[in-house]
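Here's a quick briefing to read alongside the model. Have the 3D view open and follow the topics as they come.

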Amino acid sequence: MTIHGRAHLVGAYEHPTRKAPDKSVAQLHAESAAGALADAGLTKDDVDGYFCAGDAPGLGPLAMADYLNLRLRHLDSTDIGGASYIAHVAHAAQAIAMGRCNVALITLAGRPRSAGHSGTAARPVIADAPDSPWETPFGPTTVNLYAMCARRHMHEFATTAEQLAWIKVAASHHAQHNPDAMLRDVVTVEDVLASPMVADPLHRLDCCVVSDGGGALVVARPEIARSLRRPLIRVMGAGEAHKGQGGGEVDLTYSAARVSGPAAFAEAGVTPADIKYASVYDSFTITVLMQLEDLGFCGKGQGGRFVADGNLISGTGRLPVNTDGGGLCNNHPANRGGITKVIEAVRQLRGEAHPAVQVRNCDLAVATGIGGLLGSRHGAATLILGRE
Ligand SMILES: CC(=O)SCCNC(=O)CCNC(=O)[C@H](O)C(C)(C)COP(=O)(O)OP(=O)(O)OC[C@H]1O[C@@H](n2cnc3c(N)ncnc32)[C@H](O)[C@@H]1OP(=O)(O)O
């Protein structure tokens with residue numbers, strides 16, 4: 001069974017807060033849910049399917065469904081880190097196609113900024129993870145695990161720090177038009193290279209921000225979608241994949257998007273050349289570069305040249321990427337922040353992005369994310385969306 005054309009994205013909402021010391025995570029979920037349902041022209045009484053990752057407060061979706069006062073026929077707490085919410089859209093479409101629900105609500109929220117989280121903090125011991133006893137004594141941080149991938153990519157393919165910096169430059173060009181973005185100043189390649197080194201070769205400006213916030217999506221059966229007065233955004237294809245440590249032979253230069261991407265394009269019946277806009281999970285600049293290669297926008301090892309010289313900037317570049325400013329400049333409210341990737345893709349396909357970054361005739365978009373640790377074990381999810 002395919003999900004192609006079996007469900008539509010009818011509601012999307014990004015919480016405008018970037019710092020919420022006075023709100024609970026559950027409250028941010030609820031406010032995001034209300035925003036997405038209002039956007040769709042639906043109410044919580046229309047919802048019979050609910051999706052959120054396991055990091056939701058309480059017992060994940062069980063507690064949240066209760067808090068939101070939902071009456072459900074279908075729940076899903078798939079957790080593949082930053083890929084979770086991209087996978088949730090595909091899972092919602094699957095559930096709708098199988099008759100398990102008619103209207104699926106998807107919510108994400110987090111307060112890592114108020115909680116003082118940072119990618120430079122030593123990763124907590126995950127007591128029952130099989131690899132913890134070997135890795136934890138060395139104090140790995142999130143940033144340095146991604147830095148290893150960047151260094152390896154440079155070694156294998158002569159990728160440069162300047163090329164990586166262009167990814168932040170593009171994000172900043174877009175973020176200047178987003179009043180909610182955490183970082184709105186346009187930066188140059190020189191600014192990125194002059195910012196403090198966090199984990200060689202990644203500088204501070206190669207990293208995503210740490211923000212509070214949230215977002216929500218509503219996915220509905222096509223008949224319901226057609227009854228609402230919103231542009232029709234079709235789910236056309238999806239893919240998921242896992243990359244493990246391969247018995248110790250780890251090639252750090254590719255991500256699981258190498259599998260999830262082609263699967264999504266095949267189901268949608270389109271190719272990377274058809275895509276008008278790409279939302280690409282951007283925990284760090286290297287994350288974007290590797291996924292663009294893995295999705296097939298360029299060959300393996302050619303990502304540095306592909307992203308350089310403003311090629312990801314809307315209006316002038318060859319592939320507009322993350323036109324809201326992305327995680328690098330706009331927001332990154334949780335390590336499962338991929339929902340923002342879908343939200344900006346919906347804005348682009350509806351023609352509701354900021355006029356300065358809106359892609360002309362944007363009828364086909366990809367949203368892709370990875371969750372976990374890029375160099376080590378992680379998952380990927382890719383989604384192809386089209387305007388009807
Ligand atoms: C699957 C996944 O999602 S993995 C990704 C998980 N997320 C992460 O790992 C978070 C990565 N980012 C970080 O850890 C942090 O933002 C860091 C380490 C890059 C920077 O944190 P700090 O050094 O503590 O910076 P701090 O918050 O004190 O801010 C200092 C300055 O840097 C700026 N700044 C902070 N973060 C960033 C950033 N990512 N990019 C650019 N500027 C930044 C601040 O605006 C501030 O500027 P100002 O002095 O002009 O006011």
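**Strands, a helix and a ligand shell**

Strand β9 is joined to strand β10 (residues 364–372) by 4 bridges, and the two run parallel. Strands here are DSSP runs (E, at least two residues) and helices are too (H or I, at least four), numbered from the N terminus; two strands pair if DSSP finds at least two bridges between them. Bear in mind that this is a predicted model: local features need pLDDT of at least 70, side-chain atom pairs count only at pLDDT 80 or more, and totals for chains, interfaces and linings use all residues. Residues are numbered from 1 along each chain as its sequence is written.

**The β9 end of the sheet**
- Val280 has Thr368 of β10 as its bridge partner.
- In β9 (residues 277–280), Tyr277 and Ser279 point one way, Ala278 and Val280 point the other way, and all are buried (20 or more other C-beta atoms within 10 Å of a residue's own, with C-beta atoms placed from the backbone; 12 or fewer is exposed, and in between is partly exposed).
- On to the next pair: β10 and β11 (residues 378–387) are antiparallel, with 9 bridges, and Ile370 is partnered with Ala380 in β11.

**The whole sheet**
- The 9 strands form an open sheet with mixed pairing, in the order β3-β2-β4-β7-β1-β8-β11-β10-β9.
- β3 (74–76) and β9 are at the edges with a single partner strand each, so one side of each has no neighbour in the sheet.
- From one strand to the next, the twist averages 20° (axes are lines fitted to C-alpha atoms, for helices over the stretch in contact, and angles run from 0 to 180 degrees between N-to-C directions).

**Helices on the sheet**
- α1 packs on the sheet by touching β1, β4 and β7, and its direction makes about 40° with that of β7 (contact means C-beta atoms, placed from the backbone, within 7 Å).
- Buried residues of α1 (residues 25–40) include Val25, Leu28, His29 and Ala40, and its buried residues also pack against α2 (61–67).
- Helix α3 (residues 84–97) lies across several strands, among them β1, β2 (49–51) and β8 (233–243), and runs at about 165° to β4.

**Around the ligand**
- Of the 18 residues around the ligand, Gly82, Gly119, Thr142, Cys207 and Ser283 come nearest (a residue is near a molecule or strand if its C-beta atom, placed from the backbone, lies within 6 Å of it).

Conventions. Contact = placed C-beta atoms within 7 Å.
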